[in-house]
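Here are some notes to read alongside the coordinates.

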Amino acid sequence: MNAKAVIKKYTMVIALVVVFALFAFLTKGRLLYPQNMSNLLLQNAYVLVLACGMLCCILTGGNIDLSVGSTVCLVGALAAKLLQVTDLHAIVVILACLAVGACIGVWQGFWIGHIHIPPFICTLAGMFLWRGLGRVILASKTIAVNNKSFLNIFASYIQIPGLDDAKKWSALIVGIAVAAFLVISVFTGRASKARKGYAVDPLGPALAKNVIIAVLVILYCNKLANYKGIPVMALWVLAVVFIYAFITNKTAFGRYFYAVGGNEKATKLSGINTKKVYFVAYLSMSFLAALSGLLMAARIGSVNGDTGSSFEMDAIGSCFIGGASAYGGSGTVAGICIGAIFLGVINQGMSIIGLDNNWQYIVKGSVLLIAVVFDVVSNHKTGKAG
Amino acid sequence: MADMILVMKNITKEFPGVKALDNVNLEVERGEIHALVGENGAGKSTLMNVLSGTYPYGTYTGDIIYDGEECRFHTLRDSEEKGIVIIHQELALIPELSIGENMFLGNERKGRFGIDWDRTFHEARTHLDQVGLKDSEHTLIKDIGTGKQQLVEIAKALAKKVRLLILDEPTSSLNEEDSKMLLNLLLEFKKQGMTSIIISHKLNEVAYVADKITVLRDGATIETINNEARNVDEDRIIKGMVGRELSDRFPKRPHNISDEIGLEVKNWTVHHPIYTEKVVDDNVSFYVRKGEIVGFSGLQGAGRTELAMSIFGHAYGTDISGQLFLNGKEVNIKNERQAIEAGLAYVTEDRKGNGLILPQTIAVNNTLARLDKVCSRGIIDRTRENMVAEDYREKLKTKTPSVQQAAGNLSGGNQQKVLLSKWMYADADVLILDEPTRGIDVGAKYEIYCIMNDLVAQGKSVIMISSEMPEILGMCDRIYVMNEGKMVAEMDVADATQEKIMAAILKSEKTENEGE
């Protein structure tokens, strides 16, 4: 792979590094404070979770789900209300809320997958429906969330007494362990390929890539260690990201999302149930929206009628900035994570600088457009003869 | 000296990494029909795109002299102003607009306020009469067949005051009857003094219609054959195209047809999916033995594709009735997945539309129909997948640098091979190949035929739907003829001729008309 190909493949990573460096400079290093680095993750947790679901929808052919912000509101409201008026245990409430999310998913997936209602319209309807229902539950008030065990499950930090008193050593230890695993996995992966008699890729690039990631992990965990340690929310987010990365990259069903987006008719003639693919995409989206609703309720500590407004746009934006095709059929979880972090860094950086909220919108809009234009133009340029 | 309307001198056009045209020369005499032939990738379309200004002046080297003056076209519009109109293989018509609206799209007849629709439709009618299309100028494009759409394209060119008409594969999606009509129309225009350049793979048509035939190979001009006396035969042209004598266009095979029947269909009736009262296939029965290639001949719209797709897990049609037997046992197949599991494969006629996932790699396409074979517990083993694809690449001699190449980057013939690989990997016992050689060049056709021979040698049953009669006659053991949804004849290849097949079709139309 020559330099040009590397730059093309990692365009967004390079852009992220540039933007990060820019804001680190503009904020005079404040972006790098442990607290801000920790918040970067927490404030974008919902975006990462939603973007994973949104990717599956977009893969099926550039279809988006407009209802996720409203679903976040509805589920957040339900959780807050249940915790307020009943004595149910937090875990029961959580399960009930996730079940409601799944029901919303079944509802939308049914119309989109089986009745062929255009996703845009179906989820636009959902956007109004779930927002309205959420406000009905809230009775147009703000409800605080202060159930201890609920907050512990989503919004606490991992702190081991004795170990994590001054510096949160547990975070650093986890970081080093993950880093070691990343480096070792390069070798075990190669060994396993060699054992099965498959061709082995050259060691250099793969090792270099994982070493860089490992170093970043350690640096980041060190930041966390200097603040409050590993946030539980990070574990939730990582779990979702890993599960979706695995599904889209490794499983047969994940492959079907790409296939449907690439050519639906050909997929159907290959004996694949395309209705089910749509159904599952929207089911999983709403389920993740419900999880996001819980994360938001716990993080903010309250829910009101505007909770989750325009979350769908953040999720969609992350996907497109992260290289998902607006026509479907291509995009990766790793890419959309970069996209989400990219948006997150811009948001956070602008907030620290104290840029006016209205200007933040203008910057975000411009970035989104530039990213997609760049994607479209660079992909056309590589088109072959004729 | 002859009166040359067009001289293209030493045209060289490079794409990154490829020299698509290398010092190509083309001379076209006024009032002749000039054919441009060559295998896929020989540079025919590229040459025409240079001529029409699709590749603007400056992106190629060499001179274009049209009507005695040197031309430097920067856009398509520049060349159209001079009367050069190109009609592409994929028609550029908007389905939801009327014939008249389409004809003047981008060339609107403007009145004082906006478009003068009365004049538009009046002129449309005039040109439609010239091409002999009776349909109303207000009919929507989607409501007329491909043959008629092709005529609309020509009428559209006439509306642009065309003097040099370029047709890129005009008959590739037409049946024999419509093709013939189109070619005769070109001959008619020639009498009126129009010059045409025709790009075609169908060499019999080229021999029929062209006065001169220029052969391109690997981006270079090989020769120009004079056919004014209509004395050039297909083998002569093929020799120029492939650079050697292709002694036999259809590879021979030992005929080891088993007595066992692979697939049998009885009284199969299919209704149209939208206009449910319309019968698309009417009480059709047929069978195919193991080790046998059976051909389905007929005109376009005979219901062959619909028959095949409805058998393949009801992928087409509603209200399907009839019996289906596989290996002698009656089966009830309700969807595509069941069809694949039962050992059926339908290799579509429309590679791009519903065959391949063009942006995905060859490997992904290769395994899509039977992804479970490279999965364990739902998890894909990518290395194994690549090995499978690699294996088929070698077996079928697919020309590609790697199986990680997107299917969309391959030529038609190689795409067809990937599509065949996909269905061979699906372990089908009965393969239905729908127009397997449409739009691919002579060399690739031969290879596809060889693959078909291999399949039957393994005891599989092959059904080939084709509109090209020589191919049906050359490859099949037995031939069914369909017309308007009915099975009208069955003949052994030994007794079959093109005339007999056509006669069967025509006879059935006659009896039908008398019956009404």
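1. One definition comes before the helix pairs. A crossing is called left-handed if the near helix is turned anticlockwise from the far one by less than a right angle, and right-handed if clockwise. Keep in mind that this is a predicted model.

2. Start with α13(B) and α14(B). In chain B, α13 covers residues 382-396 and α14 covers residues 412-425. Their axes lie 10 Å apart, and the packing angle is about 120 degrees. Angles of 65 to 115 degrees count as roughly perpendicular. The pair α13(B) and α14(B) is therefore oblique. The crossing of α13(B) past α14(B) is right-handed.

3. Which residues in α13(B) and α14(B) meet? From α13(B) come Val388(B), Tyr392(B) and Leu396(B). Facing them in α14(B) are Lys417(B), Leu420(B), Ser421(B), Met424(B) and Tyr425(B). By class, this contact has 6 nonpolar, 1 polar and 1 charged residues.

4. Now a helix pair in chain A. Helix α12 (residues 252-262) packs on helix α14 (residues 274-300) of chain A at about 110 degrees, with the axes 10 Å apart. That angle makes α12(A) roughly perpendicular to α14(A). The crossing of α12(A) and α14(A) is left-handed.

5. The α12(A) side of that contact includes Tyr256(A), Phe257(A) and Val260(A). They meet Thr274(A), Val277(A) and Ala281(A) in α14(A). The classes are 5 nonpolar, 1 polar and no charged residues.

6. Next, a sheet of chain B with mixed pairing. It is open, has 6 strands and runs β6-β7-β8-β3-β9-β10. Its edge strands are β6 (84-87) and β10 (220-226) of chain B, and each pairs on one side only. Neighbouring strands are turned by 20 degrees against each other on average, direction ignored. Within chain B, β7 (residues 164-168) and β8 (residues 195-199) pair in the parallel sense over 5 bridges. Leu164(B) stands opposite Thr195(B) of β8(B).

7. Chain B also has an open sheet of 4 strands, with antiparallel pairing and the order β12-β11-β14-β15. At its edges stand β12 (279-289) and β15 (329-331) of chain B; each has a single partner strand, so one side of each is left without a neighbour in the sheet. From one strand to the next, the twist averages 15 degrees. Strands β11 (residues 261-271) and β14 (residues 318-326) of chain B run antiparallel and are joined by 6 bridges. Glu264(B) stands opposite Phe325(B) in β14(B).

8. How is chain A divided? Domain 1 spans 3-156 + 233-381, and domain 2 spans 160-227. The centres of these two domains of chain A, taken over C-alpha atoms, are separated by 26 Å. In chain A, 4 residues of domain 1 are in contact with 5 residues of domain 2. The domain 1 side of this contact has 2 nonpolar, 2 polar and no charged residues.

9. Last, the two chains. Between them, 30 residues of chain B are in contact with 23 residues of chain A. On the chain B side, β2 (18-29), α1 (44-52), α10 (336-341), α11 (351-355) and β18 (379-380) each supply at least two residues. Which element of chain B gives the most to this side? α10(B) does, with 4 residues. By class, the chain B side divides into 17 nonpolar, 10 polar and 3 charged residues.

Methods
Residues are numbered from 1 along each chain as its sequence is written. Chains are lettered from A and ligands numbered from 1 in the order in which they are written. This is a predicted model: local features need pLDDT of at least 70, side-chain atom pairs count only at pLDDT 80 or more; totals for chains, interfaces and linings use all residues. Two residues are in contact if their C-beta atoms, placed from the backbone, lie within 7 Å. Ala, Val, Leu, Ile, Met, Phe, Trp, Tyr, Cys and Pro count as nonpolar, Asp, Glu, Lys and Arg as charged, and the others, Gly among them, as polar. Domain bounds come from an automatic or database domain assignment. Two strands pair if DSSP finds at least two bridges between them. Axes are lines fitted to C-alpha atoms, for helices over the stretch in contact, and angles run from 0 to 180 degrees between N-to-C directions. Angles under 35 degrees count as roughly parallel, over 145 as roughly antiparallel, 65 to 115 as roughly perpendicular and the rest as oblique.
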